[in-house]
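This briefing is intended for a reader meeting the structure for the first time.

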Amino acid sequence: MHSITELFTNEATYRLITIVILSIFLGIEVISRVPSVLHTPLMSGANAIHGVVIIGAIIVMGEAKTDDYVALTLGFLAVILGTLNVVGGFVVTDRMLEMFSKKKKK
Amino acid sequence: MGNALLQLCYLFGSVTFIMGLKMLSHPDTARKGNLVAAAGMIISIFGTIFLFRSENAEHLHNYVWIFAALAIGTVVGTMAAKKVQMTAMPEMVSLFNGMGGACAMLISIVEYRRVMDLVAATPGYVPETGKMIVVVLGMLIGTVSFAGSMIAWGKLNGRIKDRTIPGGQMINFVIFAGLIVLVAIVVGGFFPAMPALFYGILALAALYGVLFVMPIGGADMPVVISLLNSFTGVAAAFGGFLYNNPVMLTGGILVGSAGTILTILMCKAMNRSLKNVLIGSFGGAKATAGGAAKEQGNYKEISVSDSATLMAYATKVIIIPGYGLAVAQAQHVCHELEKVLEEKGVEVMYGIHPVAGRMPGHMNVLLAEADVPYEKLLEMEDANDQMSTTNVVLILGANDVVNPAAKEDPSSPIYGMPILEVEKAEHVIVNKRSMKPGYAGIENELFFRPKTSMLFGDAKKALQSLVSELKQM
């Protein structure tokens with residue numbers, strides 16, 4: 001078993017952990033000034049953004065051996081679900097926000 | 001070269017996510033912000049498809065499968081998102097959130113199988129602890145989020161009823177403890193029994209997700225969806241660790257932290273702690289309240305024409321929308337009522353409670369759909385300031401957010417939640433379909449107060465008759 005401290009001495013991991021910590025602060029900073037009117041669209045938009053998990057699904061799919069049908073099937077499903085999350089999320093958010101802007105012009 | 005370009009794509013993606021979220025938090029730029037984030041997503045996805053190289057510098061393959069899956073997801077996702085009613089939006093977000101969780105879960109399963117293949121093929125091979133942590137936790141959180149979102153979806157569209165499981169909290173605690181032990185064993189690398197343990201975690205995580213959301217009742221549903229949303233973000237971030245992928249990491253963590261903040265903001269609006277929401281659910285309180293047994297006294301009914309007269313001769317009317325308005329699809333008629341009253345010189349405003357409906361901002365979206373001007377929507381504090389100078393308050397299908405028990409009855413499960421103080425106004429007209437308690441299952445004293453008159457009926461029909469009545473006056 002490898003020791004946990006190794007996680008922090010490995011340069012790539014260290015870099016990723018730095019990104020994580022900075023992103024946490026950034027997320028808090030960016031969100032904390034949202035008027036409650038925009039809560040639903042914001043939640044929906046954030047929902048679409050975590051659909052970025054689809055990139056992992058694409059990598060899984062693309063690296064699967066062509067005769068490993070279990071991996072192919074699971075990967076295929078994962079890409080479909082990830083796409084649903086991304087596309088559905090952005091389209092729903094856009095629909096909500098469209099109503100806000102329509103009203104603005106009047 | 002290809003790799004440098006891909007890293008650039010990812011950097012671009014991360015920047016657009018940050019900018020997108022930032023722009024989404026201002027009314028003027030929100031729509032553009034959503035598109036900016038979507039553009040970054042598309043570039044990151046296609047960058048991955050065409051530029052990604054594995055550790056042995058190989059391109060991805062199985063392109064036919066990838067594009068087929070992308071096409072299916074795009075068509076189905078677009079259709080579902082275009083077709084959905086504005087009132088069903090919360091369910092939809094919950095459903096899409098579940099898809100993301102399931103995606104993270106499947107990725108981890110495939111990666112786990114690859115690790116197992118390596119273990120089987122090379123004697124003495126020990127998987128890195130870091131990788132195992134990432135795979136197992138990514139799967140666990142993704143699964144909880146998936147199962148929880150599905151239950152939330154089912155509950156919001158009425159397919160699944162609120163149910164309290166006796167000793168539910170105890171069971172949840174045991175499952176949670178079991179999960180920690182199993183994760184420690186699997187990550188610690190006790191090999192022979194591993195696949196069974198891994199899938200044991202999967203099953204337990206799914207069960208945990210179900211049991212975790214099951215007893216949580218109506219008024220708390222927004223909080224749960226927001227929390228599950230941030231769970232999926234974290235699951236995506238574990239994917240970022242797994243593939244050393246910066247855009248998955250930033251995207252996932254941003255959503256994770258933003259979702260947590262949003263969750264906390266919502267809890268604050270209800271003056272409750274997150275722990276209180278998750279453990280002291282309304283479902284449990286319902287059983288002890290024994291609503292019917294308590295004698296409530298009499299309520300007063302009011303006719304449509306009396307309501308119309310009352311409002312026509314008012315100087316200021318505040319409308320308080322709730323989930324009943326959304327269910328009845330009455331937002332357009334509501335706007336019409338507002339216009340008719342304004343023509344008669346009545347000042348009309350809307351009092352929006354932060355947790356009215358099934359999601360934060362649910363009422364705002366609904367009223368925006370009906371073209372109600374932005375300036376007419378008052379937030380709770382502003383609305384309460386206006387109450388004492390208001391002649392008529394019209395409550396449309398809202399219940400718990402105006403329940404005086406939140407201020408007066410320490411034994412009430414919603415005690416301490418800020419409410420719209422409608423009793424400061426001269427008259428209160430409550431439109432409801434029946435005397436049944438609201439979604440949280442709590443009796444509402446307000447309906448029996450002397451100032452209150454009940455206008456029974458479906459919100460849409462009641463508003464339509466109000467409008468036609470007013471037009472004849």
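In this predicted model, 82 residues of chain A are in contact with 100 residues of chain B. On chain A, the side that touches chain B draws at least two residues from each of helix H2 (11-31), helix H3 (39-49), helix H4 (54-63) and helix H5 (69-105).

**The side of chain A that touches chain B**

- H5(A) provides the largest share of this side, with 32 residues.
- By class, the residues on this side of chain A comprise 51 nonpolar, 24 polar and seven charged.

**A helix pair in chain B**

- Helix H5 (residues 129-156) and helix H6 (residues 168-188) of chain B have axes that come within 9 Å and cross at roughly 150°.
- Because of this angle, H5(B) is roughly antiparallel to H6(B).
- The two helices, H5(B) and H6(B), cross in a right-handed manner.
- From H5(B), the residues B:Thr129, B:Met132, B:Ile133, B:Val136 and B:Leu140 meet B:Leu179, B:Val183, B:Val186 and B:Val187 of H6(B).
- The contact of H5(B) with H6(B) has eight nonpolar residues, one polar residue and no charged residues.

**The largest nonpolar core**

- The largest nonpolar core contains 182 residues, and A:Val79, B:Cys103, B:Ile320 and B:Ile395 are those with the most contacts inside it.
- H5(A) contributes the largest share of this core, namely 16 residues.
- When neighbours within four places in sequence are left aside, B:Cys103 is in contact with A:Val53, A:Ile54, A:Ala57, A:Ala78, A:Leu81, A:Gly82 and A:Asn85.

Methods. Residues are numbered from 1 along each chain as its sequence is written. Chains are lettered from A and ligands numbered from 1 in the order in which they are written. This is a predicted model: local features need pLDDT of at least 70, side-chain atom pairs count only at pLDDT 80 or more; totals for chains, interfaces and linings use all residues. Two residues are in contact if their C-beta atoms, placed from the backbone, lie within 7 Å. Helices (H or I, at least four residues) and strands (E, at least two) are DSSP runs, numbered from the N terminus. Ala, Val, Leu, Ile, Met, Phe, Trp, Tyr, Cys and Pro count as nonpolar, Asp, Glu, Lys and Arg as charged, and the others, Gly among them, as polar. Axes are lines fitted to C-alpha atoms, for helices over the stretch in contact, and angles run from 0 to 180 degrees between N-to-C directions. Angles under 35 degrees count as roughly parallel, over 145 as roughly antiparallel, 65 to 115 as roughly perpendicular and the rest as oblique. A crossing is left-handed if the near helix is turned anticlockwise from the far one by less than a right angle, and right-handed if clockwise. A nonpolar core is a set of buried Ala, Val, Leu, Ile, Met, Phe, Trp, Tyr and Cys residues joined through C-beta atoms within 7 Å. A residue is buried if 20 or more other C-beta atoms lie within 10 Å of its own, exposed if 12 or fewer, and partly exposed in between; C-beta atoms are placed from the backbone.
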